[in-house]
Amino acid sequence: MLSVAEALGRILAGLRPLGSEQVAVSDALGRVLAEDVTARVTQPPTAVSAMDGYAVRAADVAAVPARLTMIGQVPAGSRFDGRVGPGETVRIFTGAPLPDGTDTIVIQEDVDGRRRLDHRAGGARRSAPMCVAPASISRPANAASPRAAGSTARDVGLAAAMNWPWLRVTRRPRVAILATGDEVVMPGEPIAPSQIVSSNGLALAAFVAACGGEPLPLGIVADDREALVAMAEGARGADLLVTTGGASVGDHDLVRSALGDHGLELDFWQIAMRPGKPLLFGRLGATPVLGLPGNPVSSLVCSTIFLKPALELMLGLAPADAPRQSARLGSDLAANDRRQDYLRSRLARDPTGGLVATTIPRCRTARCCRASPGPTAW
């Protein structure tokens, strides 16, 4: 049997990054840029005030208290046309550009509220409040520079601020998902005494979407060779076909044999891993095929280890190792065999704050797959 590392390497070697498409920046959340994006504008185009207050010359407020003559005001979206000279100030509001001659903002909370009118030739001028604690509070102009947008709301806002209404992104991998088995039915359908509700197809569709792909659910196919082949035809045009169930050695595990009779070129089947031994990978015509076990836990563990890196490669993302943390065992474990084990565990903190991982005892029934209280890890 192949090791986990060997199996992953062979899966990735059989895939290629996808092409690109153009989307509106409003639709770019969760997408991967296919090319670098460079800012088209200086943002903000000039130094602006970050707070409500008074635009002043730093030299005029080097010593406090200081009394200045207010010669005007400027709200956001406007501009003060004059020039501020020695001993003068302009009332300014958040987002407004700093008037010529000023280099400092004194926030309104740092001025004395007492005011008086100073009548002079050319109209009434007001003396600005007495400055208590001058400070520079402005946003400088930012010259255009290369930026790479990502997949968060912040990145979408950044791309918009860089004046990009459209972005070229990697096409989402189209992943056909086919669940197999006479014993499974969709949620809400009548359940016979020998049947259970299917969760794998829905879980895998959510997993693919969370990884940046486009799930194409094909539904559930019975344990019938002709039906399986017919349903698999629905994967034509997909970038990847993922099956769940039917990959083991039982008489009703038909994915490998039925598809093999219709052109499936098998790369490998079975790996040294627990859970997940029956994993298979091959190609049906031009479509790569990843066959996952039918057990819900096995299916999602294999998805995390194999499907996620596969989708990342197709999206053009650099391979990223899964984050790892060290923890102390909370119970003894027997020596491992040649298979790589992924054990479900409960995580807790010891009195010193260190992580303690206590494995959940195995059982031979489906109950071992039920959600357990408290944080779990694999």
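In this predicted model, helices α3 and α6 pack at an angle of about 25 degrees, their axes 11 Å apart. Angles under 35 degrees count as roughly parallel, so α3 and α6 are roughly parallel to each other. The protein chain holds six helices and 26 strands. Of its 378 residues, 38% are buried. Among contacts between residues at least 6 apart in sequence, 70% join residues at least 24 apart.

**Packing of α3 on α6**

- The crossing of α3 and α6 is right-handed.
- From α3, the contact takes N200, A203, L204, F207 and V208.
- They meet P296, S299, L300, S303, T304, L307, K308 and L311 in α6.
- By residue class, the contact of α3 with α6 has eight nonpolar, four polar and one charged.

**Packing of α1 on α6**

- Helices α1 and α6 pack at an angle of about 30 degrees, and their axes lie 10 Å apart.
- With angles under 35 degrees counted as roughly parallel, α1 and α6 are therefore roughly parallel to each other.
- Their crossing is right-handed.
- V4, A7, L8, I11 and L12 are the α1 residues in this contact.
- On the α6 side, the partners are I305, F306, P309, A310 and L313.
- The contact of α1 with α6 comprises ten nonpolar residues, with no polar and no charged ones.

**Nonpolar cores**

- The largest nonpolar core has 32 residues.
- Within this core, I11, M273, L279, L290 and F306 have the most contacts.
- At least two core residues come from each of α1 (4–13), β13 (174–180), α3 (200–210), β17 (240–244), β21 (287–292) and α6 (296–314).
- Helix α6 supplies the largest share of this core, nine residues.
- Leaving aside neighbours within four places in sequence, I11 is in contact with F268, L279, F281, L290, F306 and A310.
- A second, separate core has 17 residues, including A176, L178, L280 and L284.

**Around G219**

- G219 sits in strand β16, residues 214–221.
- Its relative accessibility is 31%, so G219 counts as partly exposed.
- Beyond its neighbours within four places in sequence, G219 is in contact with I177, L178, A179 and M231.
- The C-alpha atoms of G219 and A179 are 6.2 Å from each other, although the two residues are 40 apart along the chain.

**Backbone features in loops**

- The peptide bond from R274 to P275 is cis, and its omega is near -5 degrees.
- P275 belongs to the loop between β19 (273–274) and β20 (280–284).
- Q270 is in the loop between β18 (264–269) and β19.
- Phi of Q270 is near 80 degrees, a positive value in a residue other than glycine.
- Buried means under 20% relative accessible area, so Q270, at 19% relative accessibility, counts as buried.
- N163 also has a positive phi, near 70 degrees, and is a residue other than glycine.
- N163 lies in the loop between α2 (153–161) and β12 (166–170).
- At 42% relative accessibility, N163 counts as partly exposed.

Note on methods: Residues are numbered from 1 along each chain as its sequence is written. This is a predicted model: local features need pLDDT of at least 70, side-chain atom pairs count only at pLDDT 80 or more; totals for chains, interfaces and linings use all residues. Side-chain values use heavy atoms; hydrogens and water are left out. Helices (H or I, at least four residues) and strands (E, at least two) are DSSP runs, numbered from the N terminus. Buried means under 20% relative accessible area, exposed over 50%, partly exposed in between (1.4 Å probe, protein chains only). Contact means heavy atoms within 4.5 Å. A nonpolar core is a set of buried Ala, Val, Leu, Ile, Met, Phe, Trp, Tyr and Cys residues joined through side-chain atoms within 4.5 Å. Axes are lines fitted to C-alpha atoms, for helices over the stretch in contact, and angles run from 0 to 180 degrees between N-to-C directions. Angles under 35 degrees count as roughly parallel, over 145 as roughly antiparallel, 65 to 115 as roughly perpendicular and the rest as oblique. A crossing is left-handed if the near helix is turned anticlockwise from the far one by less than a right angle, and right-handed if clockwise. Ala, Val, Leu, Ile, Met, Phe, Trp, Tyr, Cys and Pro count as nonpolar, Asp, Glu, Lys and Arg as charged, and the others, Gly among them, as polar.
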